[in-house]
Amino acid sequence: RESVIAMGFPADDVSRAVEAVGRRGLDAVMQFLLTGDAPRKSTAPPKISTSKMVAPRPKPEKKRPAPKAAQSSQKQERPSKKTKKETPPEKPRDAYSLFVLANRAQVMQEQPAATFSELDKKLKASWAKLPQRDRSKWDQASKQEEDRYNAAIGASSGGKAWKGDG
């Protein structure tokens, strides 16, 4: 009975519903309150329309206990339990990866309907045709990436320098 009253139904209506349905349970009381008639003896669960349902009341906030007077007036700072993990620097890319990164958008504009594998084949072919003087530009950019990575790893604690793929 108290649980139904807590749902927002008036106490008089709940008492009337309990008298009407007898000891058939909470479902029968709810059906009586929502529809206005006593439930029939059937095995099917009652259909409750959501338009007549009342929203539950919010739970009251729990009060925190007052701080003990025996504790010192100065707050002691505790070290934080969680330490932020350092993210390792991004590994350096090789010359081909830098070339692909720079030229993929251009190839996609030339062939907008091409699949990923077709784009990859086109980029591989253009890398293979690339003269050595143009490749050296990408090799230097790759070397700069390795130097940046090694400097970042050297600055972090206990890191190993990048040795490359060779």
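I counted the elements to start with: the chain has six helices and zero strands. Helices (H or I, at least four residues) and strands (E, at least two) are DSSP runs, numbered from the N terminus. The order along the sequence reads α-α-α-α-α-α.

I noted the basis of the values. This is a predicted model, where local features need pLDDT of at least 70, side-chain atom pairs count only at pLDDT 80 or more, and totals for chains, interfaces and linings use all residues. Residues are numbered from 1 along each chain as its sequence is written, and side-chain values use heavy atoms, with hydrogens and water left out.

Next I looked up burial. Of the 166 residues in the chain, 19% are buried (under 20% relative accessible area, with exposed over 50% and partly exposed in between; 1.4 Å probe, protein chains only). I also looked at contacts (heavy atoms within 4.5 Å). Among those between residues at least 6 apart in sequence, 43% join residues at least 24 apart.

Then I turned to α2, residues 11-21. Its buried residues are V14, S15, A17 and V21. Seen down the helix axis, they fall within an arc of 165 degrees, so they line one face of α2. The arc is taken from the directions from the helix axis to the C-beta atoms. On the face turned away from the buried side I found the exposed residues D12 and E19. G22 follows α2, and its phi is positive, near 75 degrees.

I moved to the nonpolar cores (sets of buried Ala, Val, Leu, Ile, Met, Phe, Trp, Tyr and Cys residues joined through side-chain atoms within 4.5 Å). The largest has 11 residues: A95, L98, F99, V100, V107, A114, L119, L123, W127, L130 and W138. Two elements give two or more residues to this core, α4 (95-110) and α5 (116-129). The most come from α4, with five residues. I checked L119: leaving out residues up to four places away in sequence, L119 touches R104, V107, M108, Q111 and A114. A second, separate core of 10 residues includes V21, A28, M30 and F32.

Last, I looked at how α4 and α5 pack. Their angle is about 120 degrees, and their axes are 9 Å apart. Axes are lines fitted to C-alpha atoms, for helices over the stretch in contact, and angles run from 0 to 180 degrees between N-to-C directions. That makes α4 oblique to α5 (under 35 degrees is roughly parallel, over 145 roughly antiparallel, 65 to 115 roughly perpendicular, the rest oblique). Among the contact residues I noted F99 and R104 of α4 and L119 and W127 of α5.
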